[in-house]
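Please consider the model shown here with attention to its aromatic rings, its strands and the confidence of the prediction. The paragraphs below take up these topics in turn.

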Amino acid sequence: MASLVVVAVFLLWGALFQPPQVAAFKPLFHDGSMTHREITQMAILRKTAEVCRDIATAQGRDFTLAINNKLTASDVQKACATSPDSSSALSSLGFYSAIAEIYLSNAAIDVKFALSAAHHVDNETFIEGRDLITRGMAAVKASVQQESYISARITLGALCHTLQDFYSHSNWVELGSTAPFSPLIRPELLLNNLADRSTPTCKNCIGEDCSDNILPEILLHKKLTSGYFSIVFSAKPAGKCSHGGFLDRTSYRDPTGGINKDDISSSHGFLHQRAADMAINATMEMLQDIRLATGNRAFLRLMGLSHTSVLAFVIDTTGSMSDDIGEAKRVSFSIIDSKRGTPEEPSEYILVPFSDPDFGPLTRTKDADVFKARINSLTASGGGDEPEMCLSGLLLALAGAPLSSDIFVFTDASAKDSKLKSTVQAMIERTKSTVTFMLTNPVSFRRRRDVSQSQQFNSRSIPQSDMQLYRDLAYISGGQAIEVRRATLSQATAVIMDASTSALVTVLYVERNPAIAENFSFVLDPSLSNVTVYVTGDSPVFTLYSPTGVSQSGSVADGPLGSILTVGNLRRVKLNSDNQTGEWKISINSTRFYSLKVTGQSSVNFLFNFVEQIEGGDLTPKANRPFIGRNATLLVSVTGGDSFTVTDVLLVEASGSGVVNGTIKAVGATDFLVNVDRIPEGAFLVQLKGLLNDSTQSLPSQFQRQSPTQQQGSRVTITAQPNSTIEPGIPFDLNFTLVSNNTESNYTIRARTDRGFSVSFPSSLNMGTEGSAQGTVTLTAPSDTESGTDVTLTIEAEDQGSGDSNYVALRFSVMTKVIDFSSPVCQVVSIKADCPVECSTASWELSANLTDGNGTGISGVSFNRGNGSLSLSIVISEDGTNVTVASYNASCCSQEVELVVVDRVGNVGTCFTSIKSPSVDTTTVKPSTPSTPSTPSTHSTPSTHSTPFTPFTHSTPSTPSTPSTHSTPSTPSTPSTPSTHSTPSTPFTHSTPSTPSTHSTPSTHSTPSTHSTHSTPSTHSIHSTPSTPSTHSTHSTPPTPSTHSTPSTPSTPFTHSTPSTHSTHSTHSTPSTHSTPSTPSTHSTPSTHSTHSTHSTPSTHSTHSTPSTPSTPSTHSTPSTITNKPSTITTIITTPNRGCFVSFSVSVLLCNLILFFM
């Protein structure tokens, strides 16, 4: 029986990669229901807009965009622009691409981990689900710290799926909750009041009506449960709820039915919208935590919002390259110096040196000065034999650069590692990046120095086979292979200046090898500017014709249509700025080969991804080449607003022999699903055409765009089920599967990483009579690999007979196991305020002790919502604990501050203090003796803005354009596991956005809140559940009777507060069977200042602690001062599908196969 089940599951797997004919769409876009895509996208847009609003407020700029669920990526992009009135074209492509990376990674979980209960929080796997979420958050933060943004987005999408599924698959919404369940992202909080395995939770549905199938006692006692799910077995614990739906066999066993809210037709579909709204707010809460841990600038880079252009160089550093390196320095310095501080300034700089046998390391930075220093340190030396590790260096750059980057390779040698061609091609296809080769002296003398550095001249040239290798890779990527003499290299680097600009789009790209005389046409629309035509090839001859019939020969340097630069095999035509709109033509010929490329600047661009449709109409992203000869579906998104109409999406064969036209279905203002009836046999490019509405013209204008990167189909599919993280030094086994129509075929297997990590794999696989085969790749990261390092593993399969191949490229984050999930802790030592009515004439001071207990140590301290200066010093307390002493000073006109403290693994704590009540006396508040225990006030302090700060890394002193942050060095101590018994201190608690609510959650007992003008440091930790700013929100937490509470000093509440434009005082009504009312603090000062918490202490949890007073620091170090100044904005995916919101369901036929074998 077991073997039959295995066979059925295998058939199910194989069929996932043979999509049925498209009949109707029920995809990532589903009418009437919210999908994971929409939930994720809306949370990202709202949180990103909040960050931009806070930055604008801190800089004294207006921010008028209304933050609601009607936001579009274009709206947020424009509102977040630091120079919204700039005449430069604004590109939304990076923002769209980042959002797409995240939601496609989210969607993939439904197929790749369909049978994993923890990934969907089914089967009451709350602990396992939270572990996936919290470890995923730690991995995202570590990846951002290493500037590995692509890996961070993939991990972020995956954890978003699990987080969002909780609200659809559990009964959190049915319990009347109106705010997210924060313990899912905060492991120091207990998962209280979970229904145990023996507790019945549901009763039978009445026919199809499941609206009242949760047992009354579960609702009364606020017990948390989730539905059980299986497509194979019907067994479940007695009395338990099921997920529900026709795929779920457990839902046919008593109690029947289900409780999922995946879409409006689900068992609890009447609560679908509430669950989706809750999931949006929970995703925003999680994004806020990542924002605070990484800083505003890095968060915006994670979202792709600050992405303009990338300056990426791969440079040969052998002895003969001295002049080339000097030219690379010159052109990069020119770009940096001319564009610094402008909207055209590159958002990222990448440098990879290579020689033989070495390549790397990868330098990836947002700091132009760091890039300058790194490239300035390059020297030309060595180089005995001619071939160098060119493709290894290029592969490292492709894996490290953002998607759709322009990468420039400088070399005068052939590639020693030409065997990497197919891997490089796969990465080019995957990243859609453009590669241009700057090849010097390809057919002339090549000077080399031997190991003794003596000069010698060798009559060498790059062999034609290697020249063709570079040309092939350039053509595949949509780049150019520019062949020049060293003396004229400085002229050819004009193409680098052209590419280092924002909003660069490709209008047309073609290549012909062998060359044939041909005429081409292309359309220029009013949104385009700085249009440039490039012709490269062997003695190319061309004539250009304008829409009005004016012509210019390629031999005329300055003519009526533009200026032409001729250098080596490159012809660069810079069109005149006037009379560009309309259809242009060019006739071209060459002796052997040529390429034609037309680019310009425009905000209108597009991105595409192949997606697979499975039964039921749902979609899942496809991670590699589509299947040749079969129908396929593309998800196309057009950027730059919504004032356009898409008329054609074409697959243009690279050879020029044919075009496949797609059928277009709009699924939103800017998103389209395009179905093509076949994938071409050879390489092809994706081209988009349409009409652009322009306010300056009475009629719409035609426009066209083209993806420069060639795509390719295959007759074999390769799939793998990865984790998103691997541990250093521990071998990781990755299983992969090949599926093909070619039975008995032998496939050569290749597996490589961009970082040269140890990889073992089978050298070949035979498909057998079933047309499928399985293999395992073992990947090992070196034990000293830094946490957060990303690595790309590419697995290729090539048919030994036909040469047909496919690949899967997987990204991993190398993560040291995190065991510290506790937030840093704060004790307010004193507040001094002497603030007269005329606030500008006086200042106030705050002193606080910041500690991380037995955690990893404090890494960074900054402040939000303040405009003063912060001094930090390190002292050692009497018990040997490292204490960071924070001293804050501000004008009495800046009456509030929120300290943000981050430890070395990204745990975040904040504390907020206000002196808004005026006073004429100076008041010093010191720690008091124990008093009656108090519950932190549920008073929510409005947050109007937050100032950017540096993430949890050691940082240099801030400049006017950087966040106000201080990195505090400390000695790491052994991490501790979160416990219910906490150290004598007051923790940071968190507050996050909630859905507006007008209903109060029912409770047996409500804990009164206490508003205190000042509460001194508490001697116990309070684990609290966050609330969110709303017009009236009540946070419900499943209760456990309070068993014991030890008296302590009044606590100083500290909040993790999310900025909100409508933050009002909200009360948490905490349901419980018993709780102790709070008592007003026995020590309070006049209303000179106040410290508020946005949380109430959950009556479900009482901490057992002993009162104590703060220890006295024994030594002091020299403080450093931070002044808050305005800042500028700067930054896997194995079985069938199932339901999660609008789920990606599996084929009914395949499901029946399994049932049959059962």
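Helices (H or I, at least four residues) and strands (E, at least two) are DSSP runs, numbered from the N terminus. This is a predicted model, in which local features need pLDDT of at least 70 and side-chain atom pairs count only at pLDDT 80 or more, while totals for chains, interfaces and linings use all residues. Residues are numbered from 1 along each chain as its sequence is written, and side-chain values use heavy atoms, with hydrogens and water left out.

Strand β5 spans residues 434-440, and Thr434 belongs to it. Buried means under 20% relative accessible area, exposed over 50%, and partly exposed in between (1.4 Å probe, protein chains only). Thr434 is buried, because its relative accessibility is 6%. A contact is defined as heavy atoms within 4.5 Å. Leaving aside residues up to four places away in sequence, Thr434 touches Ser405, Asp406, Ile407, Ser477, Gly478, Gly479, Lys597 and Pro708.

A pair of aromatic rings is described by the distance of the centres and the angle of the planes. Rings of Phe, Tyr and Trp (its six-membered ring) pair if their centres lie within 6.5 Å; planes under 30 degrees apart count as stacked, over 60 as edge-to-face and the rest as tilted. The structure holds 16 aromatic pairs. One of them joins Phe166 and Trp172, with 6.4 Å between the centres and 45° between the planes, so the pair is tilted. Phe166 is buried at a relative accessible area of 0%, and Trp172 is buried at 0% relative accessibility. Another pair, Phe608 with Phe610, is edge-to-face, at 6.2 Å centre to centre and 90° between the planes. Phe608 is buried with a relative accessible area of 3%, and Phe610 counts as buried at 7%. Ring pairs also link Phe166 and Trp172 with Phe126, Tyr167 and Phe181 in a cluster.

Charged side chains come next. A charge sits over a ring if NZ of Lys or CZ of Arg is within 6 Å of the ring centre and within 35 degrees of the ring normal. Lys432 lies over the face of Phe608, 4.7 Å from the ring centre. Lys372 is placed over the face of Phe333, at 5.1 Å from the ring centre.

Finally, pLDDT is the predictor's confidence in each residue, from 0 to 100. The protein has a mean pLDDT of 77, and 73% of its residues reach 70 or more. Over residues 1-27 pLDDT stays under 50, and the model has 64 contacts beyond four places in sequence for them. Where pLDDT is low, the predicted coordinates should not be read in detail.
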